[in-house]
Every structure is written in structure tokens, then in C-alpha cells.
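Dear colleague,

I am handing over the structure below, and after it you will find what turned up when I went through it. Please keep it open beside this message as you read.

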Amino acid sequence: METKKLTKDWIGNKKSTFVTLGASSHSESDREDNDYYATDPRCAVDLIDANIGIKNIWECACGEGHLAQVFDDYGLLSKATDLIDRGYGIADTDFLIFNDIKHDGWIVTNPPYKFAVEFCEKALSITPNVAMFLKLTFLEGQKRLPFFKENPPIFVYVYSSRRKCAINGDFDAIGSSATAYAWFVWKDNFKGEPVIRWIQ
Ligand SMILES: C[S@@+](CC[C@H](N)C(=O)[O-])C[C@H]1O[C@@H](n2cnc3c(N)ncnc32)[C@H](O)[C@@H]1O
């Protein structure tokens, strides 16, 4: 897939193909307003290692590409979009306004958390194959109960050790992570009891 690339090699392996970023036209407040927390790219590897058949991925809130670039390196990415131009993928693409479109593959992202349910619902209206990196507390809450009853994930991959998300992509500025995360996976219109698995 042709995209703009990240500035840094977060993974540090030979697959990485990072080059200089283009400048963003958006202000810092735009960035924060839109809930920008970059995900530790190792989380993309964790999802790939789960062997659940992810392929042809649309990263629909790609930020600077911390997840998308790993998927691209593994030949799994078909497109990367974001509302804001953060120098990666296709900008000015509001995922929540899409109607009546389908994607023959997976939608995978760490969405803006304040719109997490909306992102899950929108993604599942586009494809039955979805993986979302979310706080583990996404499992709870009145608002989410009807969503989970209608759309049970097939797997919830819980992190045994903490992973970090960095506000505005600044991994140097964060300390130890106090937040527990999980990959929530929906596949093939599964309607049974979700299985919990653990990631080391
Ligand atoms: C939590 S960050 C995650 C970024 C990236 N997925 C990652 O894991 O590093 C959420 C991203 O969602 C984007 N975003 C917010 N609202 C959006 C929308 N309606 N459509 C598409 N992207 C959106 C933000 O600009 C931000 O880059």
C-alpha cells in the first residue's frame, strides 16, 4: 500500500521502512480534540501473532500509522485513513459518516475512545471482521450492554502486562502505563459466548 511513512522505527526491526513525515496542517488543539493517542506498535504484532486470519486491513483512524505501518510491513494493510492529517495515510476521512459501504477484509484500529461504540458499530456495518484496541473497561457500562448483546466479540485478548498509548505520539513523555487494554475481535457475525484469551 502506498502511504506516507512514520518518522521513527518503533519496532526496530528490518521490516520497517520509515521516512520523513509530511507536515500536518492541523493545530495541536485539533490533534488533542480528536483524541490522539498513538498505540505501541508491538500491539499490532500481538494481533498478528494471535493467528485469527486478519488480512486486507483498513486502519480507519490511523493517526501517524503506529499500527498501520506494522500491518503494511506484514503485507496486511489495504488502506489507512484518519480525520486529521497526521502525516500518514489518507486524511480528512471521517469514518463515522460512511454509509452503505462494504469492505472485503478487516477493519482494525485503536479508535478515539470517546466514540469507541460508534466506531465498533460503524465498522461492523461495513464488515463482520473487526478488531479494536480498547481499554479493558470497554467491557463494562450501561451504554455498551445492548451493543455487546447484539454484537458479541468472538475473542477478547487481554494484556497481562501493560502496553502504552502516547498522547500526541510522544512515547518519550509517558511513564509507566496504568491503563489495561485488550484487543476486541468480531468475526464472521459470531453470535455465541465470547472467549477470553491472554496476551503475555
Ligand atoms: C486513539 S488515536 C489512535 C491512532 C492510531 N489508530 C494508533 O493506534 O496509533 C485515535 C485517532 O482517531 C482519529 N479520529 C478521531 N475521530 C475520527 C473520525 N471521526 N474518523 C476518523 N478518524 C478519527 C484521531 O485523529 C486519532 O488519530
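**The nonpolar cores**

The largest nonpolar core has 30 residues, of which L47, I54, F71, W183 and V185 touch the most other members. A nonpolar core here is a set of buried Ala, Val, Leu, Ile, Met, Phe, Trp, Tyr and Cys residues joined through side-chain atoms within 4.5 Å, where buried means under 20% relative accessible area, exposed over 50% and partly exposed in between, with a 1.4 Å probe and protein chains only. At least two residues of this core come from each of α2 (42-49), α3 (68-73), β3 (77-80), β4 (106-109), β5 (130-135), β6 (155-159) and β8 (181-186), and α2 gives the most, with 5 residues. Helices (H or I, at least four residues) and strands (E, at least two) are DSSP runs, numbered from the N terminus. Apart from this core lies another, of 23 residues, which includes I107, M132, F138 and V156. In soluble globular proteins, nonpolar side chains tend to be buried together.

Please note that this is a predicted model, in which local features need pLDDT of at least 70 and side-chain atom pairs count only at pLDDT 80 or more, while totals for chains, interfaces and linings use all residues. Residues are numbered from 1 along each chain as its sequence is written, and side-chain values use heavy atoms, with hydrogens and water left out.

Helix α2 is mostly covered, since 6 of its 8 residues are buried, namely C43, A44, V45, D46, L47 and I48. Just after α2, N51 takes a positive phi of about 55 degrees. Leaving aside residues up to four places away in sequence, V185 touches L47, I52, W106, V130, A131, P153, I154, F155 and Y157, contact meaning heavy atoms within 4.5 Å.

**Residue C165**

C165 lies in strand β7 (residues 165-167), and it counts as buried because its relative accessibility is 12%. With residues up to four places away in sequence not counted, C165 touches Y37, A38, T39, N110, F133, I174 and Y181. C165 and S177 are 12 residues apart in sequence, and their C-alpha atoms are 8.0 Å apart in space.

With best wishes
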